[in-house]
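Morning, everyone. Let me put the structure up, and then we'll go through a few side chains.

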Amino acid sequence: MHPKDEKLQPRLGTELRMARMRLELTQEQVAKAVGFVPTVYGRIERGDMMPSTPKLKALCVLLGISADVLLGVKPSEDPPTQEPPPPPPGDPPELRRLAMLVRELPPDRFRLFRVALRSIAHPDEEE
């Protein structure tokens with residue numbers, strides 16, 4: 001293993017754990033959303049394993065964190081030749097967490113959630 005890789009895996013795991021905890025998600029929820037077995041995701045967070053590139057991308061999207069942060073990439077010392085475009089506006093962490101929880105609802109609870117949401121959004125309308 002390359003000496004730099006020895007620091008990369010624990011750093012990646014720590015950054016993933018902090019991002020997951022900011023969103024108040026469990027390891028199991030993240031693992032299921034990305035397609036990992038929960039024990040495998042746990043090994044990644046502990047720094048014992050590296051995810052594949054597609055799984056790394058999925059983790060970045062799910063947790064709202066840059067791959068540069070996860071991989072410890074520092075910005076270049078040279079100033080950029082042109083102004084980088086602003087980052088696209090993202091959903092707040094609370095909304096991403098809510099969306100994940102709603103996706104996991106069984107059909108009967110999802111229907112109930114839709115009715116409740118509709119009555120909150122449009123209180124004057126009747127079913």
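Is Arg-20 buried or exposed? Arg-20 counts as buried, because its relative accessibility is 10%; buried means under 20% relative accessible area, exposed over 50%, partly exposed in between, with a 1.4 Å probe and protein chains only.

Ground rules next. This is a predicted model, where local features need pLDDT of at least 70, side-chain atom pairs count only at pLDDT 80 or more, and totals for chains, interfaces and linings use all residues. Residues are numbered from 1 along each chain as its sequence is written, and side-chain values use heavy atoms, with hydrogens and water left out.

Back to Arg-20. It is found in helix H1, residues 3-22. Helices are DSSP runs of H or I, at least four residues, numbered from the N terminus. The side chain of Arg-20 makes a polar contact of 2.6 Å with that of Glu-45.

Now the rings. A pair of aromatic rings is described by the distance of the centres and the angle of the planes. The rule for Phe, Tyr and Trp (its six-membered ring) is centres within 6.5 Å; planes under 30 degrees apart are stacked, over 60 edge-to-face, the rest tilted. The count by this rule is 1 aromatic pair. Phe-36 and Tyr-41 have ring centres 6.3 Å apart and planes at 35 degrees, so the pair is tilted. Both Phe-36 and Tyr-41 are buried.

Last stop, Val-73. It lies in the loop between helix H5 (67-71) and helix H6 (93-103). Val-73 is partly exposed, at a relative accessible area of 46%.

Definitions and conventions. Helix = DSSP H or I, 4+ residues; strand = E, 2+ residues; numbered from the N terminus. Polar contact = N/O pair within 3.5 Å; in protein donor to acceptor, adjacent residues only side chain to side chain.
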